[in-house]
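Please open the model in your viewer, show it as a cartoon, and keep the selection panel within reach. The stops below say what to select next and what is to be found there.

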Amino acid sequence: MSILSPNSHILYREIYQKETQQQLWSSGNGSIWVKPNGLELGLGLDRSRNEWRKRAKRDLRSWAFWPELSKPSSVEMEPIQDSEHFDRILESAKELSQPLLVDWMATWCRKCIFLKPKLEKLAAEFDTKMKFYYVDVNNVPQSLVKRGNVSKMPTIQLWKDGEMKAEVIGGHKAWLVIEEVRQMIHNFE
């Protein structure tokens, strides 16, 4: 069975929230339903007339409609301009003991351009844990490109403690590259 929805996120949230709702207390006439964030539904409503169910559906739909505004959907990656800038970034990451991800890309590379927004969405997932940067190899000195040991475009590298720990060369499908990058990040958390 397939369901058409104008926004798949709303449909997913509505189905997911309905499954994760928990009934805390039940009596003959009413019950308390609690959403995962602690909001109460159905308090003091007559169970025989299904008022609590109607209100729970309405509240659930409105809750699913409004996205979580406290978390960004994407975080713009910062560009690295030259070797000195790269050294400062590595030093600050080392002081904070925070890994960083560097996307070595080129403006002429179609896969690089296609992959960048997907990496920015991934950056939103790990916003507090690590920083995401990109290097346009056409606009930086070649000494920086040699330092990164980049041979193919796009190359995504994870740096920790001033050293490159792992890399993913993104010559295949973007969703596979993103999953490999996500796995690489989880390995070094």
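Contact, as the word is used throughout this tour, means heavy atoms within 4.5 Å. Helices (DSSP runs of H or I, at least four residues) and strands (runs of E, at least two) are numbered from the N terminus. This is a predicted model, in which local features need pLDDT of at least 70 and side-chain atom pairs count only at pLDDT 80 or more, while totals for chains, interfaces and linings use all residues. Residues are numbered from 1 along each chain as its sequence is written, and side-chain values use heavy atoms, with hydrogens and water left out.

**The whole chain**

Begin with the protein chain coloured by secondary structure, which shows six helices and eight strands, running from the N terminus as α-β-β-β-α-β-α-β-α-β-α-β-β-α. Of its 189 residues, 38% are buried, where buried means under 20% relative accessible area, exposed over 50%, and partly exposed in between (1.4 Å probe, protein chains only). Among contacts with a separation of 6 or more, 62% join residues 24 or more positions apart.

**The five-stranded sheet**

Next select the open sheet of five strands, whose order is E4-E6-E5-E7-E8 and whose pairing is mixed; two strands are taken to pair if DSSP finds at least two bridges between them. The edges are formed by E4 (78-79) and E8 (163-169), each of which pairs on one side only. Helix H3 (residues 83-95) packs on this sheet and touches E4, E5 (100-105), E6 (131-136) and E7, with a direction that makes about 155 degrees with that of E5. For such angles, axes are lines fitted to C-alpha atoms, for helices over the stretch in contact, and the values run from 0 to 180 degrees between N-to-C directions.

Six of the six residues of E5 are buried, so the strand is largely enclosed by the rest of the structure. If you display its side chains, Leu100, Val102 and Trp104 point one way, and Leu101, Asp103 and Met105 point the other way. E5 pairs with E6 in the parallel sense over six bridges, and the bridge partner of Trp104 in E6 is Val135.

Moving to the other end of the strand order, select E7 (residues 155-160) together with E8, which pair in the antiparallel sense over six bridges. Within this pair, Ile156 has Val168 of E8 as its bridge partner, and Trp159 stands opposite Met164. The two strands form a hairpin with two residues between them, and Asp161 in the turn has a positive phi of about 55 degrees.

**Helix against helix**

Two packed helices are described by the angle between their axes and the distance between the axes. Select H4 (110-125) and H6 (residues 174-187), whose axes come within 10 Å and cross at roughly 35 degrees. Which residues of H4 meet H6? Phe114, Leu115, Lys118, Leu119, Leu122 and Glu125 in H4 meet Ala174, Val177, Ile178, Val181, Arg182 and Ile185 in H6. By class, this contact has nine nonpolar, no polar and three charged residues, with Ala, Val, Leu, Ile, Met, Phe, Trp, Tyr, Cys and Pro counted as nonpolar, Asp, Glu, Lys and Arg as charged, and the others, Gly among them, as polar.

Leaving aside neighbours within four places in sequence, Phe126 is in contact with Phe132, Arg182, Ile185, His186 and Glu189.

Met130 has its place in that loop between H4 and E6 too, and is buried, with a relative accessible area of 3%. Not counting residues up to four places away in sequence, Met130 touches Gln98, Pro99, Leu100, Leu101, Leu158 and Ile185. Leu158 is 28 residues from Met130 in sequence, with 9.9 Å between their C-alpha atoms.

Finish with Leu144 in helix H5 (residues 142-148), a residue that is buried with a relative accessible area of 0%.
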